[in-house]
Structure formats: structure tokens, C-alpha cells
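Please keep the sequence and the coordinates at hand while reading.

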Amino acid sequence: MPILANVIVNDQHGFRRNKSTITNLLVFQNFISDALLTGASVDVIYTYFAKAFDKVNYQILFTKLEQIGICGSFLNWLTSFIKDHSEILLCSTGPIKDLGILFDPKLKFDCHIKIINKSHQLLGFINRNCADFTDKFALKSIYCSLVRSTCEYDSVNWSHYQSGNKSKLEKIQLKFLRFISIKCSIPREPHTSYNPLLTILNLKTFEQRRTVLDLCFLYKLLVGDIDCPDFLSRLSFNTPTHNTRTKNLFRLNLQITNYANNTSCNRLMQTINNHEIEIFNSPNVHSFKLLWPCPFNTK
């Protein structure tokens, strides 16, 4: 609503154009990461408001709303809506779920990976309820909608660099590939690679998918399709003072820990550098994807 443009602070990410839960959590995670890397501690207070308006003077509230231009039928609707709410304070010293992502005190996201692993239950649901399905692409669509979407939600924030957790995630898709191979009579030699099945179904590995999502996010951020000044300010562009052989878009400083090297910001910059992609030569994200080497051109 344009009338609220000068009222809502820039830190508000919900229900705002070019902002999302991803940008919200990135700003939050970067703040905590900075503290961890400097040895500081952070206390986070989450508040859930219910019946908050019970303690508000309605006349003052409605007067202030009118002063910023909210009036007429919309104000009447708000008047009838604002009732039956209270304030509750939630306290926790352990992992806590924020916008669907489970944050642990050390920002390792191991707990979140365990939550994702429950996607095995969704595979069981597909197996039980799709007994009459024989079309492999119909099963693929169900799998992508119910399972894969859960496994990669907001991966820009939590994408893991540890091989053990990567393997746990890939096992979810491998289980689906075994299921569909048997269900749809797709031949596969025992104890052989699943890559032929991925090709037949036009699927990527989860790790490749996370790379795709990282690249798309960074592209949209740099061209202005995503509004996250805090994260944008952390990107360090490579500006050499003389001709060099390197084509790296970003300059990364050497870090002394794996965690520091694999923060969201460093990981995204390193991904672009590794693939040597000319990110500013594309008019839109679809054209940007066409610049990627295989296997990133697949769906």
C-alpha cells in the first residue's frame, strides 16, 4: 500500500515487494554469524502477539490511523477486526524454528537437516497412495511438489557444506529413484549409478539444485529483483588495479574456519567464481540460466 511506504520500516520483510522469508532470515543469520565469528553472544527474543489490542486505547489507535490516511470503509473494517487478541512471550535456550527453518545455537543447521529427513515419511505417503500410478512423470510431479520442495525450502540460508549432511539429503531422492525404477519398470543394474535415472526423469541431484537456487538468488539480488541491502553490502566485488588472468567477480578473504568460509555470503560468492558466469550479461533469470554449464541447464 503506497500510503504506508513512509511508515513501514525497511527491516520489515513480510508482505513487501522483492522481500521474503529468505531475505528476512539472511539478515538475521548474518547478524548472528558476525557475533559468532567475533566470539560474542546473541540473545534472541521472539514474541508472539495474541490479544495485543486488548490493552490498546482504540480511540487513539483509530485517530493515528486516520492521520496517516487510513479512513473510510477500510478503517471501518479494521475497527470490526481488531478484537480478541493477547500477548504471549515464548522462551527457549535450544534450537528454535523461525519461518520454517530450525536454528541451533551454533548455526550448524544439523537440527534442520534432521527435520528435512522426515521427508522419508512423505515418500511412504506417495508409495501408499499412488499404488495405481504408472506414469513416471506424474509420480515425479507429486514427488517434486511434496518432497523436493520441503528439502530445498530456503536452502540459501542453510545449504550444507559437510559431506555427511549432504549424503543424508541425497538419500531422500535416491529412495524415490529406487521406488520409481521398480514402480515404472525402468531398468537399472543393481549397485550402479542413479545418474541414468536422473537423466530419464530430467532431475538434478539435491546438491546441484541448491547450487541453482544460490545462483538464482544472487542474480536476482544483483539486478534488483530482490531487495536486501544488508546482504548486498556484504558482497565484495573484485576490482583489480591491473590486468590479471582471473575472471572472478568477487574477492574472498581467507578465513581460518570452515564455518566462516561457508557462510551464506561467502558460499554464494564462491559459487559464482567457480562457474565463471557473466552475471550482468543476462536480461532476466531465464537467460541467466542458459549461461550455466551442464548439468545446471536441466530442470
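Predicted model: local features only at pLDDT ≥ 70, side-chain atom pairs only at ≥ 80, totals over all residues.

## Nonpolar cores

The largest nonpolar core holds 34 residues, and within it Y143, F176 and L177 touch the most other members. Helices α1 (21-37), α4 (110-116), α5, α6, α8 and α9 (195-201), together with strand β4 (101-103), each supply at least two residues of this core. The greatest contribution comes from α8, which gives six residues. Another core lies apart from this one; it has 20 residues, including L26, V156, F231 and I279.

F176 illustrates how parts of the chain meet. With neighbours within four places in sequence left aside, F176 is in contact with L123, L139, K140, Y143, L201 and L203. Its relative accessible area is 1%, and because buried means under 20%, F176 counts as buried.

## Aromatic pairs

The count of aromatic pairs comes to seven. In one of them, the rings of Y143 and F176 have their centres 4.0 Å apart and their planes at 5 degrees, so the pair is stacked. This pair links distant parts of the chain, since Y143 belongs to helix α6 (residues 136-152) and F176 to helix α8 (residues 163-183), 33 residues apart. Y143 is buried as well, with a relative accessible area of 0%.

F176 also pairs with F179: the ring centres are 6.4 Å apart and the planes are at 45 degrees, so this pair is tilted. Both F176 and F179 lie in helix α8, three residues apart, or about one turn of the helix. Both of these phenylalanines are buried.

Elsewhere, ring pairs link F28, F103 and F109 into a cluster. An arginine is also placed against a ring: R188 lies over the face of Y194, at 3.8 Å from the ring centre.

Where does S119 lie? S119 is in helix α5, which covers residues 119-129. At 2% relative accessibility, S119 counts as buried. A polar atom of the S119 side chain lies 2.8 Å from the backbone oxygen of I116. When residues up to four places away in sequence are not counted, S119 touches V147, T150, C151 and I172.

## Cysteines

How many disulfides does a search of the whole structure find? The search finds zero disulfides.

| Cysteine | Relative accessible area | Class |
|---|---|---|
| C111 | 24% | partly exposed |
| C130 | 7% | buried |
| C265 | 7% | buried |

C130 is located in the loop between α5 and α6. Leaving aside neighbours within four places in sequence, C130 is in contact with L139, I142 and K183. C130 and I142 are twelve residues apart along the chain, and their C-alpha atoms are separated by 9.5 Å.

## Summary

Y143 and F176 form a stacked pair, and both residues are among those that touch the most other members of the largest nonpolar core. Helix α8 gives the most to this core. S119, in helix α5, is buried, and its side chain has a polar atom 2.8 Å from the backbone oxygen of I116. Of the cysteines tabulated, C130 is buried, as is C265, whereas C111 is partly exposed.

Notes. Residues numbered from 1 in each chain as written. Heavy atoms only, no water. Helix = DSSP H or I, 4+ residues; strand = E, 2+ residues; numbered from the N terminus. Buried < 20%, exposed > 50% of the residue type's maximum accessible area, 1.4 Å probe, protein only. Polar contact = N/O pair within 3.5 Å; in protein donor to acceptor, adjacent residues only side chain to side chain. Contact = heavy atoms within 4.5 Å. Phe/Tyr/Trp six-rings, centres within 6.5 Å; stacked < 30°, edge-to-face > 60°. Lys NZ or Arg CZ within 6 Å of the ring centre and 35° of its normal. Disulfide = S-S within 2.5 Å. Core = buried A, V, L, I, M, F, W, Y, C linked by side-chain atoms within 4.5 Å.
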